[in-house]
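Hello,

Here is the structure I said I would pass on. My notes on it follow below.

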Amino acid sequence: MKIYRGTEASPGIAIGPAFVLDMQKIEAVKRRIAPSEIPEEQERFRNAVESVEMELARLIDELPPELKEHDSMLRSHIMILKDKMLYDATLTNIQERLINAEWAMKKALSNIKKVFSSIKDSYIRERYQDIRQVAQKVFTVLAGSSSLRDLGNLEKPVIVVARDLTPADTIRMSTEKVMALVTELGSRTSHTAILARSIGIPAVVGVDNITEHILTEDPIIVDGFKGRILVSPEEQTIETYRRKQKKYLKYRIEVIHQSNLPAETRDGYRLKIKANIELLEEIPTVIRHGAEGIGLFRTEYLFLAQKKLLTEEQLFQAYKTVAERIHPYPVTIRTLDIGGDKFLSHLSKHNEQNPALGLRAIRLCLQETELFRNQLRAILRASAFGEVNIIFPLISGKAEIVQVKEFLEQLKDELRSQGIPYNENIRIGIMIEVPTTIMIADILAKEVDFFSIGTNDLIQYSLAIDRGNDAVNHLYEPLHPGILRMIASVTEDAHNSGIEVAMCGEMAGEPLYIPFLLGIGLDELSMNVQAIPKIKRMVRESYREECVRFARNILELTSVPEIQEAAAEFFRQNYRDEIAILDQEEVNEPQL
Ligand code: PEP
Ligand code: MG
């Protein structure tokens, strides 16, 4: 047996065969498509060609002076990309033969091969190799965007092991067949981790080179509590883990059973506990797990699932469904947060050197006004069907909010004059995730109805650590005194200005941080659906007054280890029965 270590990203134990995503084989996958899929498949092919073209153009630009005279080879590759025999033929094959882009291009390529092999001139005949090389580049891009890479076609339950998973891979995977996720890249707040927690499957991320050590069908154990992967375990170890698995399941059933009880402390302090969702399919679980609304609807996943832009009508239908189904509770709909680590091929700029600091979220929406307009109109229209709030991501200052509000007012006027109903008093909020917003919280609070602290990004930007980069993962620390002060300060300023403050970053769903968040008086915590039952139960076991004292105490401490120790001690004393103890202590090292 071999053990590999990574970052625990979603709790639970999985035992089963590995399924290693092998990038090399993807191009060979063939799939028939429905006539309705033709435009999407052709678009995927065009996008792939365009992306290779951009890549080649960039290479030409960056050629060192001594190689400049050889740029004709690269230019000829650009021409091959759009050659009728390859480009037009692939599009026609998709349409007429109803096959996916990879297969359609393979057919075009084999036709070209036939034609070239009959040519007598050996120089020209060998040019086929250039065409094949160019096609290979397109295959590679297609593989990255392929719906065939999606994990929706698995034949039996497996543990997926991959270098990385795109948000699109994860949302399209069959949740019945994927028992757990293991990736080489990523951190606790990267999209793979967030989605694994939403779906409720164990995940370990940031496991160095794991795809080189595991083969498909290898028996493995994923320990999502400790961030361990055990490869080819012995029978005795499997037994130990089966017992842990059962114990955890029993606990889950018990807390979920109590999840409709309110999140009220023993001394009567009431906290709103809501859910973060990515997809509409999560709504039944949201309700079953006792959420009092949706505190963050990450709407970009609708776009990522479809891999295209959605019309106002499609968005309206989705938002209306959420508003109606969560009623009488509210939903906070976030406008598109694309860019950063979530790309949409025809919107995001792939060549940004620092995507997290680039054209992301509200910045992109303010530039792509048609896209923004569709979303805002759809949200406003949905507000006639339930309690809908809007939240804007990655706001950095007052001017942005003013601009957004002006646009919103313009759209309200439009809807009014068209006689389309909406809620005139729709509440608007901003995500607190750019550190400067905390310094000017009093100014921003005058502009909006509420704040929601996005700790995933706030910590990324404040501690200067890329949230997707496993190499700096260890520096991600919610208990950093600077982070705790920021959270306390923005909460106090917002309250002094008379507005509510929520937290919707992953920190809000982690047991260890709950006493502090209760103590500083946050009004709402919004978290991954799976965390709700245990966090509600923790709140019920808490005394607010003690949490207030605890929060004051740790705000005085000066270093991370001191704070960690104080938090762990408070936890041990006050939440003995909690799963967090099971998470952190009882699931001990197996006896190996
Ligand atoms: C956050 O940044 O904390 C957040 C909730 O948003 P996201 O994880 O979608 O960036
Ligand atoms: Mg964010």
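Are α23 and α24 roughly parallel or roughly antiparallel to each other? The axes of helix α23 (residues 544-556) and helix α24 (residues 560-574) come within 10 Å and cross at roughly 165°, and the two helices are therefore roughly antiparallel. On the terms: angles under 35 degrees count as roughly parallel, over 145 as roughly antiparallel, 65 to 115 as roughly perpendicular and the rest as oblique. Axes are lines fitted to C-alpha atoms, for helices over the stretch in contact, with angles running from 0 to 180 degrees between N-to-C directions. Helices (H or I, at least four residues) and strands (E, at least two) are DSSP runs numbered from the N terminus.

Please keep in mind that this is a predicted model: local features need pLDDT of at least 70, side-chain atom pairs count only at pLDDT 80 or more, and totals for chains, interfaces and linings use all residues. Residues are numbered from 1 along each chain as its sequence is written, chains are lettered from A and ligands numbered from 1 in the order in which they are written, and side-chain values use heavy atoms, with hydrogens and water left out.

Back to the helix pair. On the α23 side, Glu546, Cys547, Phe550 and Ile554 meet Ile563, Ala566, Ala567, Phe570 and Asn574 of α24 (contact means heavy atoms within 4.5 Å). Those residues divide into seven nonpolar, one polar and one charged (Ala, Val, Leu, Ile, Met, Phe, Trp, Tyr, Cys and Pro count as nonpolar, Asp, Glu, Lys and Arg as charged, and the others, Gly among them, as polar).

As for strands, β9-β10-β11-β12-β13-β14-β15-β16 form a closed barrel of eight with parallel pairing (two strands pair if DSSP finds at least two bridges between them). From one strand to the next the twist averages 25°. Isoleucine 391 stands opposite glycine 429 in β13.

Finally, the salt bridges (a side-chain nitrogen of Lys or Arg within 4 Å of a carboxyl oxygen of Asp or Glu) come to 34. One of them joins lysine 156 and glutamate 217, at 2.8 Å from N to O. Lysine 156 lies in the loop between α6 (128-145) and β4 (158-162), and glutamate 217 in the loop between α9 (210-213) and β7 (219-223), so the pair ties together parts that are 61 residues apart in sequence.

Regards
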